[in-house]
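Hi everyone, thanks for making time.

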Amino acid sequence: MNKIKYLGITFLVALSLLGAGCTDGFEDMNKNPKSLDTVNPEDLFYTAQVQTLASGHAWNAIFASKFRWMQYGAGIWGYGTTQYEIFGESIGTSIYNEYNTMGGLVTNIHYLIDQLPENGAAKYEKLRYATRVLLIVKGIQTSDLYGSLAYSEAWQARNGKNDAESLEPRFETQEELVEVWGKQLVECIQGLKAVENATNQIALTGYDRAYNGDTKNGSRRRMVSACA
């Protein structure tokens with residue numbers, strides 16, 4: 001019994017020494033200059049755009065529901081029924097998750113811009129307005145399914161706030177949201193026009209997955225779509 005007890009104590013001592021050894025140099029390793037402790041606002045733009053239509057939304061809310069309801073197809077691989085009916089709760093959860101994820105990213109982008117000096121923040125006006133439009137479009141999609149949404153007071157933890165009020169945002173009705181979004185869209189349009197030819201704006205090439213930062217190309221495509 002004493003031998004077993006001795007071995008147990010020896011094992012615990014060795015384990016504690018091993019644990020201490022694992023943390024040796026831990027602080028130095030985390031000061032690697034190649035590791036970023038901050039992120040540029042434009043680095044989050046691509047990730048936010050991905051939430052426009054993620055795989056869960058594309059499958060659950062389009063291919064396996066809307067397309068089937070409109071009788072674009074009958075049998076769908078992976079489902080045993082060909083009836084045009086709601087088959088699961090995942091139809092709405094995917095788009096709601098996209099909305100919340102995008103909202104957090106866009107809020108964080110604006111927060112990072114606001115932390116910059118005035119001359120630095122001025123370079124991000126195009127990104128600020130573009131991300132706001134992106135979130136409004138996603139909000140419209142989500143509100144079509146869910147109605148009321150947390151928007152104006154949402155994602156405040158990504159805005160550097162952690163008080164109880166900020167962590168419990170108020171949900172706004174569709175009527176309230178339409179009014180808010182309408183005003184913000186007008187502001188975004190005016191803001192984008194004001195910096196359209198500005199040379200001091202941060203280039204979105206490589207971050208914009210839709211038009212690779214070419215706003216004129218994006219405008220032409222929208223005009224073609226509208227006239228088709």
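Predicted model: local features only at pLDDT ≥ 70, side-chain atom pairs only at ≥ 80, totals over all residues.

I'll start with the overall layout, then go to the core, the helix pairs, and a couple of residues in loops.

The protein chain has 10 helices and two strands. Of its 228 residues, 29% count as buried. And if you take the contacts with a separation of 6 or more, 65% of them are between residues 24 or more positions apart.

Okay, the core. The largest nonpolar core has 24 residues, and the ones touching the most other members are Leu-127, Leu-135 and Tyr-151. Which elements give two or more residues to this core? Those are α3 (45-50), α6 (90-114), α8 (125-146), β1 (149-150) and α9 (174-194). The largest share comes from α6, with seven residues.

Let's zoom in on Leu-135. Leaving aside residues up to four places away in sequence, Leu-135 touches Tyr-99, Met-102, Gly-103, Val-106, Tyr-151 and Trp-155. Keep Trp-155 in mind, we'll come back to that one.

On to α8 and α9. Here the axes come within 10 Å and cross at roughly 155°, so this pair is roughly antiparallel as well. The crossing of α8 and α9 is left-handed too. If you want to find the contact on screen, look in α8 for residues including Tyr-129, Val-133, Ile-136 and Ile-140, and in α9 for residues including Leu-177, Trp-181, Leu-185 and Leu-192. The class count for α8 with α9 is 10 nonpolar, five polar and four charged residues.

A quick stop at helix α4, residues 55-63. Buried there are His-57, Ala-58, Asn-60, Ala-61 and Ile-62. What do the buried residues of α4 pack against? They pack against α5 (66-69), α6 and α8.

Back to Trp-155, as promised. Trp-155 sits in the loop between β1 and β2 (171-172). At 15% relative accessibility, Trp-155 counts as buried, since the cut-off is under 20%. The backbone is worth a look as well: phi of Trp-155 is near 60°, a positive value in a residue that isn't glycine. For background, most residues other than glycine have a negative phi.

Last one, Asp-208, in the loop between α9 and α10 (215-227). Is Asp-208 buried or exposed? Its relative accessibility is 12%, so Asp-208 counts as buried. Setting aside residues up to four places away in sequence, Asp-208 touches Phe-45, Gln-49 and Gly-213. Take Gln-49: Asp-208 and Gln-49 are 159 residues apart in sequence, yet 7.7 Å apart in space, C-alpha to C-alpha.

Key:
Residues numbered from 1 in each chain as written. Heavy atoms only, no water. Core = buried A, V, L, I, M, F, W, Y, C linked by side-chain atoms within 4.5 Å. Buried < 20%, exposed > 50% of the residue type's maximum accessible area, 1.4 Å probe, protein only. Helix = DSSP H or I, 4+ residues; strand = E, 2+ residues; numbered from the N terminus. Contact = heavy atoms within 4.5 Å. Axes fitted to C-alpha atoms, helices over the stretch in contact; angles between N-to-C directions. Parallel < 35°, antiparallel > 145°, perpendicular 65-115°, else oblique. Left-handed = near helix turned anticlockwise from the far one by under 90°. Nonpolar A, V, L, I, M, F, W, Y, C, P; charged D, E, K, R; others polar.
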